[in-house]
Amino acid sequence: QVQSVEFGGGLVQAGGSLRPPCAASGRLFSSYALGWFRQAPGKEREFVACVSRTGGNTYYADSVKGRFTASRDNAKNTAHLQMDSLKPDDTAVYYCAAGNFRTNAESFGSWGQGTQVTVSS
């Protein structure tokens with residue numbers, strides 16, 4: 001089973017970029033799609049992006065489409081979420097998870113602890 005772990009994130013000004021990695025342990029990394037979700041204070045967790053097992057397919061929430069890019073390197077058991085043109089509304093705790101190529105959180109079984117991303121105006 002894959003255990004997803006994130007590190008990175010941080011503080012950035014509006015319009016800036018971040019590229020938090022998602023590193024995972026386990027021999028079956030390439031067997032799972034990867035998804036990113038986020039949760040802002042006082043709000044429910046929401047889908048952000050997902051990338052298929054091979055990296056050939058991606059899907060994004062409308063709110064980040066054109067600004068965020070998900071990618072993965074199965075040889076290194078890592079994935080990245082390139083976040084460009086960040087807005088204050090993107091401020092949230094971001095989670096990386098392994099599971100099926102879906103947009104609902106229930107499709108993902110291995111979750112990381114989350115990474116705080118703060119975008120200042």
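Is Arg 67 buried or exposed, judged by its relative accessible area? In this predicted model, local features require a pLDDT of at least 70 and side-chain atom pairs a pLDDT of 80 or more, whereas totals for chains, interfaces and linings use all residues. Residues are numbered from 1 along each chain as its sequence is written, and side-chain values rest on heavy atoms, with hydrogens and water left out. Arg 67 is buried, its relative accessible area being 10%; the term buried denotes under 20% relative accessible area, exposed over 50%, and partly exposed the range in between, for a 1.4 Å probe and protein chains only.

Arg 67 takes part in a salt bridge with Asp 90, in which the closest N and O atoms are 2.7 Å apart. Arg 67 is located in the loop between β6 (58-60) and β7, and Asp 90 in the loop between β8 and β9, so this pair ties together parts that are 23 residues apart in sequence. Strands (E, at least two residues) and helices (H or I, at least four) are DSSP runs, numbered from the N terminus. A salt bridge is defined by a side-chain nitrogen of Lys or Arg within 4 Å of a carboxyl oxygen of Asp or Glu. Side chains of opposite charge can pair when their charged atoms come close.

Four salt bridges are found in a search of the whole structure. Asp 90 also pairs with Arg 38, with the closest N and O atoms 2.9 Å apart. Since Asp 90 is in the loop between β8 and β9 and Arg 38 is in strand β4, the pair ties together parts that are 52 residues apart in sequence. Both residues, Asp 90 and Arg 38, are buried, and the relative accessible area of Asp 90 is 2%. A network of salt bridges links Arg 38, Glu 46, Arg 67 and Asp 90. Another salt bridge joins Lys 65 to Asp 62, where the closest N and O atoms are 3.1 Å apart. Here Lys 65 is partly exposed, at a relative accessible area of 47%, and Asp 62 is exposed, at 66% relative accessibility.

The structure contains one disulfide, a term that denotes a pair of cysteine sulfur atoms within 2.5 Å. The disulfide connects Cys 22 with Cys 96, at an S to S distance of 1.9 Å. Cys 22 belongs to strand β3 (residues 21-25) and Cys 96 to strand β9 (residues 92-99); the two are 74 residues apart, and the pair thus links distant parts of the chain. The link is left-handed, with -75 degrees about the S-S bond. Cys 22 is buried, with a relative accessible area of 0%, and Cys 96 is buried with a value of 0%. The sulfur of Cys 50 lies 11 Å from the closest cysteine sulfur, that of Cys 96, which is too far for a bond.
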